[in-house]
Structures are given as structure tokens and as C-alpha cells.
Amino acid sequence: MSTPSPAREHEHEFEAALGLPELLPAGEKIIWQGSPDWRTLAVQIMHVRTLSFYFAAMLLWRASTLKYDGASWFAVVQSMALLLPLALIALGLLLGFAWLTSKTSVYTVTNRRVVMRIGIVLTVTFNLPHRLIESVSLRPLAKGTADIALVLAPTDNIAYGNLWPHARPWRLRRTEPMLRAVPDGAKVGELLASAMRASISLSEPSVGSVPVRATQQHPAHGDARQGNALAV
């Protein structure tokens, strides 16, 4: 029996349950469900903190240049009054996008699959059975949050544009769905690893299951596969 590809379903006005396009079948239960932390999204994906320093540096450079050229303080303040709102609008848009991404995204981990309901304008649900997940990597972030990347079997792939920002950065050829800025990420990673271990141990050999390797990536490490292994 061949392994099915990740199912993609468009959301409509009605959801049978939060984050799920239909009720779970008998024997399947939710282990964890949650959404990304919007503040972490703003810092890690939108780079709001970095851009804030950049805009501040540019404004200071502009002010110092004007003073060096002999401009009055009134002229300096007037110039800042024109540029500062533009910087604030840009940062506000990025913060708004992070907030909307958090509010419209729901990650669900069951004892059989991972479900990602994502999308702000066009909502899409991806169903990822555990047997399609080759390995799991966890990258700790600030305040206990973490990014959890799912490496799919080589025969299964999802377009990067369909996943972003819920995709591991720079994995364009072989995309990796990623649960972004998950609160209490280490605990969720352990729950997912445990559920995958139990699920795959019950799978039939004919399904073509692959071994699960869950690793933990620290921010200083370049490759998730070089991190500390989780108990799987």
C-alpha cells in the first residue's frame, strides 16, 4: 500500500472543530493545539527589532548630517517629523502581519498526524500523517518558545510559497513545514516525538514508514541535525 501525500484542504466558514476541517475519526485524539506567539514572530520572522535599530540609526545619521551642514535645530526636527512616521508605519505593518499570522494559524498535534491550519486571506489546512514525517528538529527561541521543523519523506514536498512563513528558512528545494514560535516549545516537541514514536510503532510495515529522528537545535548551531537528540 502506497503512502499518501500530505492532504491540503481549503477552509470555509465552518470548522467541525477549531483548526480541523472535519471531526477526528474514532481512535484519534488531540495531544496538543496552539498558535504561534505573535511577539516572537515579529522578532524572528519580521525582524522588527533589527529594523527598529536600523531606522533609529538612519534617523540619527540624518540628524547629524543636517547639523554638520549647518542646519538649525528646527530644520532637523522638521526633517525627523517627516521621516519618523514612515518608519513607524513600516514597523506597524510588520507587527500587524505578525499578529494576524498568530490569530489565523492553528497547529494541532494528534496521536496520528500534525495539522497546520494557516493563511490570513486564503486559509489552507495541511494534514501531515506521522508516517510521512522523517524527522523533527527543534530550535529554542526567546521566552520558552521554539520553532519545530518537520522533515517530510523525500517523495513528499509542499511548495515553499504555500507554507511561508510556516516553513523552515532557506529550505527551498526540499521544504520543511515548521510550527513557528510555539509556546512552551520544548514540551510540545517532546509530546510530538512521543506521539510519533507510538504511532509509527503501530504502523504496518507495508506502509513504508521511515525512522523518526527528533533533534534539538540551539540558536548557535547551524544545522538542526547537529543538536541534542530528543527522546524518541
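Select Arg180 and Asp147. Their side chains meet in a salt bridge, 3.4 Å from N to O. The term means a side-chain nitrogen of Lys or Arg within 4 Å of a carboxyl oxygen of Asp or Glu. Arg180 lies in strand β8 (residues 178–182) and Asp147 in strand β7 (residues 146–152), so the pair ties together parts that are 33 residues apart in sequence. Strands (E, at least two residues) and helices (H or I, at least four) are DSSP runs, numbered from the N terminus.

This is a predicted model: local features need pLDDT of at least 70, side-chain atom pairs count only at pLDDT 80 or more, and totals for chains, interfaces and linings use all residues. Residues are numbered from 1 along each chain as its sequence is written, and side-chain values use heavy atoms, leaving out hydrogens and water.

Stay on Asp147. Is it buried or exposed? Asp147 is buried, at 3% relative accessibility. Arg180 is buried too, at 6%. Buried means under 20% relative accessible area, exposed over 50%, and partly exposed in between (1.4 Å probe, protein chains only).

Arg139 is partly exposed, at 25%.

Next, select Glu176 and Arg171. They form a salt bridge at 3.5 Å, N to O. Glu176 is buried at 4%, while Arg171 is partly exposed at 25%. Go back to Arg139, Asp147 and Arg180: salt bridges that share partners join them into one network. The count of salt bridges comes to six.

Finish at the surface. Select Leu82, Leu83, Leu86, Ile89 and Leu93. They form a nonpolar patch with about 530 Å² of accessible area together. Patches take residues with over 30% relative accessible area and no salt bridge, joining like charges within 9 Å and nonpolar side chains (Val, Leu, Ile, Met, Phe, Trp, Tyr) within 5 Å. Areas come from the Shrake-Rupley method with a 1.4 Å probe; for residues, only the protein chains shown count as cover. Leu86 sits in helix α3 (residues 73–104). Leu86 is exposed, at 56%.
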